[in-house]
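Me: I have a structure open and want to learn how to read it. Can we go through some features step by step?

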Amino acid sequence: WLVWLVTALLALAAAWLCLLRRRARLLPVGSTVLVVTAHPDDETMFFAPTILAVVRDGCTAHLLCLSTGNADGMGTVRVPELIEAARVLGLHARNVRVQDSPKLQDGMHKRWDEHEVARVVALTAESIQASHIIGFDEHGVSAHPNHCSIGRALRILSHSHMVGSRPRGLATSRPDSALSAPAHAAAARPQPVVLLLETVGLLRKYSAVIDAVLSGLSAAWSSAGTPLTA
């Protein structure tokens, strides 16, 4: 019990240090953020802290869920649950989109084509003029193949012209001032910044309060725009 007490105290100390530093906002005020998930409940299990922070910081948050989560025939139940969860997280119902495409059906043995995922995400991001896109990395946090497909698709988007007007790799800040552009493209909307939820190892993932210390210290000393971790 002594070890747990010490780690709990360290976690509190890390949280206190984070509050003292009042670190920079997650994203600039006024940003339009698209969070991309695979199934209803992903927004709560993996992205709730991020969505709450985005809304708190005065950004407009949108959620794109790429399936109804109908692997067990519960899609009609899970979609309303998703809408309600999004409301609790601060998202307007009009900012929540759920896809039900034959090409993107929920399933542990269904590997989504990353180019199709990239196409759907790009269309949505373009329609809302997203400044940032947030989603899973290629390991999907839980290794679910649908999650992993999103990570691969976002890598494709980050290196393409599919959204906006200028190519950009995975970046943590806008390089507009560092890039020279033709006069006719100077006023064009830049491609969204892509941020990926970083998958961590099993030891850290299931270390409970010990990981709270690591996450708290990381949050206290890192600046906005670093890879998201879960």
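Me: Where is D106 found?

Reply: Start with the elements on either side. This is a predicted model. D106 sits in the loop between β3 (96-98) and α5 (114-128).

Me: Is D106 buried or exposed?

Reply: Compare the relative accessible area with the cut-off. Buried means under 20%. D106 has 10%, so D106 is buried.

Me: Which side chain makes a polar contact with the side chain of D106?

Reply: Look for pairs of N or O atoms. The side chain of H39 makes that contact, at 3.1 Å. Check backbones too. The backbone nitrogen of A71 lies 3.5 Å from a polar atom of the D106 side chain.

Me: Which residues is D106 in contact with, leaving aside its neighbours within four places in sequence?

Reply: Here any heavy atoms within 4.5 Å count. The list is H39, S67, G69, N70, A71, R78, W112, H144 and N146.

Me: Now the nonpolar core. Which residues touch the most other members of the largest one?

Reply: L66 and V121 do, in a core of 48 residues. Next, ask which elements contribute. Those giving two or more residues include β1 (32-37), α3, β2 (60-65) and α5. The most comes from α5, with 7 residues.

Me: What is V121 in contact with, beyond its neighbours within four places in sequence?

Reply: V121 is in contact with L34, V36, L64, I133, L154 and L157.

Me: Which residues are buried in helix α3?

Reply: Go along residues 48-56. A48, T50, I51, A53 and V54 are buried. Then look past the end. G58 follows α3, and its phi is positive, near 80°.

Conventions:
Residues numbered from 1 in each chain as written. Predicted model: local features only at pLDDT ≥ 70, side-chain atom pairs only at ≥ 80, totals over all residues. Heavy atoms only, no water. Helix = DSSP H or I, 4+ residues; strand = E, 2+ residues; numbered from the N terminus. Buried < 20%, exposed > 50% of the residue type's maximum accessible area, 1.4 Å probe, protein only. Polar contact = N/O pair within 3.5 Å; in protein donor to acceptor, adjacent residues only side chain to side chain. Core = buried A, V, L, I, M, F, W, Y, C linked by side-chain atoms within 4.5 Å.
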